[in-house]
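Let's take a friendly walk through a protein model together. Keep the sequence and the 3D view open as you read.

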Amino acid sequence: MNWIRRALGLVILYLVVVFIVPVIQSYDFRNGLNEDYFSHWFEGHFIPSYDTTKIEKVYGSQETNIDYSLGSSVTTEGETVLNSEYEGVFVIKNEPGAFHMLLVRDGELTGGYTNSPNVSLGKMSIDKMTREKARETYGEPVEYVRKQWKRLKVENEEYDVFDVGNYYVYFFYDIHEGYQANGMLVLHKDEIIDISELYNHPSIEDNELMHYYLLNATRYEYGYGMLDRNAEVDNVAYYHSVDMAERKFFDHDNPDGNGLKERLERENVRYTYAGENIATGHTSPIFAHHSLLNSPSHRVNILNDKFTSVGIGIEYDQEQVPFYTENFLQ
């Protein structure tokens with residue numbers, strides 16, 4: 001019987017060392033046992049660290065001019081700042097050929113977006129990156145990301161999401177150019193883990209401005225001229241999004257049979273050539289923009305030499321589903 005008691009004592013000691021001590025060390029005495037406590041503790045003590053060897057090897061062969069270390073300090077003072085669907089804010093770096101948006105939370109770099117091969121975030125870049133190479137480097141894409149205790153499905157033909165330790169990295173692909181990566185979104189998991197809803201929109205104005213930046217950044221990378229933003233056309237685009245959201249339809253022509261031509265004429269907008277893109281359901285302009293770029297009928301508007309200006313309008317319906325409208329003019 002003594003050996004049984006000794007064995008039981010050793011088991012209890014093992015449990016204390018392996019479970020109880022880490023719990024005490026990890027316990028947040030300010031916030032207590034919040035809803036993310038267990039998952040953070042489990043990940044910190046039982047999930048092995050991510051092997052970055054392949055990422056670093058690929059990064060060594062990439063040519064980037066602007067490099068950021070994730071977790072570094074970033075100031076928002078004097079910068080263009082847009083609210084985001086995440087916990088942090090986007091600091092906009094609207095540099096031709098090096099467009100990027102830094103995701104900043106409490107002064108710390110927690111991720112970001114870029115469509116430029118000249119920019120890297122945490123030694124990750126789209127330079128010379130294809131879908132095949134991304135999967136070879138980062139492993140199998142994940143099917144879901146966590147939002148509190150819910151799972152958001154992210155399996156998509158147009159982008160991959162990879163689990164890189166404390167971060168998710170999204171690679172967006174141009175399906176018309178051999179699945180070449182043409183955008184990258186990096187997110188610290190804490191940026192989304194505390195958000196329970198599918199949609200967590202910032203203001204309409206912030207999302208519209210982000211959409212405008214994305215359009216011009218893409219046109220620059222593909223060799224097209226910049227578009228001016230037209231306030232009159234913004235209104236035309238916005239009220240079409242409002243109409244779709246309120247009357248619950250999704251079409252270029254409204255239920256009354258009026259299309260872009262009629263809407264422009266009603267507002268006395270002068271033009272010689274016009275085109276329209278619409279989208280709905282995407283959680284942010286980033287996803288809407290890349291989806292439109294991969295759609296042949298919308299791509300011809302985004303990448304079109306004839307257009308010189310654009311109007312952008314976004315509206316959310318009662319369920320917070322977004323409706324996006326882009327009106328292109330010459």
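A word on ground rules comes before the tour. This is a predicted model, in which local features need pLDDT of at least 70 and side-chain atom pairs count only at pLDDT 80 or more, while totals for chains, interfaces and linings use all residues. Residues are numbered from 1 along each chain as its sequence is written, and side-chain values use heavy atoms, with hydrogens and water left out.

Start with the chain as a whole. It contains 10 helices and 15 strands; these are DSSP runs numbered from the N terminus, with helices being H or I of at least four residues and strands being E of at least two. Of the 330 residues, 48% are buried, where buried means under 20% relative accessible area, exposed means over 50% and partly exposed lies in between (1.4 Å probe, protein chains only). Among contacts with a separation of 6 or more, 63% join residues 24 or more positions apart; a contact here means heavy atoms within 4.5 Å.

Now find strand 4 (residues 100-105), which is mostly covered, with five of its six residues buried. Strand 4 pairs with strand 3 (residues 89-93) in the antiparallel sense over five bridges; pairing requires that DSSP finds at least two bridges between two strands. Val89 has Val104 of strand 4 as its bridge partner. Six residues lie between these strands in the hairpin, where Gly97 takes a positive phi near 80°. Strand 4 also pairs with strand 5 (residues 108-114), again in the antiparallel sense, over six bridges. Here Met101 has Tyr113 of strand 5 as its bridge partner. This hairpin has two residues between the strands, and Asp106 adopts a positive phi near 55°.

Tyr113 brings us to the aromatic rings. Together with Tyr159, Tyr170, Phe172 and Phe287, Tyr113 forms one aromatic cluster. The structure holds 17 aromatic pairs; rings of Phe, Tyr and Trp (its six-membered ring) pair if their centres lie within 6.5 Å, and planes under 30 degrees apart count as stacked, over 60 as edge-to-face and the rest as tilted. Tyr159 and Phe172 make a tilted pair, at 5.5 Å centre to centre and 55° between the planes. Because Tyr159 lies in strand 9 (residues 159-164) and Phe172 in strand 10 (residues 167-174), the pair ties together parts that are 13 residues apart in sequence. Both Tyr159 and Phe172 are buried. Another tilted pair joins Tyr212 and Tyr213, at 6.4 Å centre to centre with 40° between the planes. Tyr212 counts as buried at 16% relative accessibility, and Tyr213 does too at 13%.

Next, look at helix 6. What distance should the 18 residues of helix 6 (residues 204-221) span? At 1.5 Å a residue the expectation is 26 Å, and the end C-alpha atoms are 26 Å apart, which agrees; the expected span is 1.5 Å times one less than the number of residues. Since 14 of its 18 residues are buried, helix 6 is largely enclosed by the rest of the structure. After helix 6 comes Gly223, with a positive phi near 90°.

The charged end of Arg151 sits over the ring of Tyr144, 4.0 Å from its centre, and that of Lys189 sits over the ring of Tyr168, 5.3 Å from its centre. The criterion is NZ of Lys or CZ of Arg within 6 Å of the ring centre and within 35 degrees of the ring normal.
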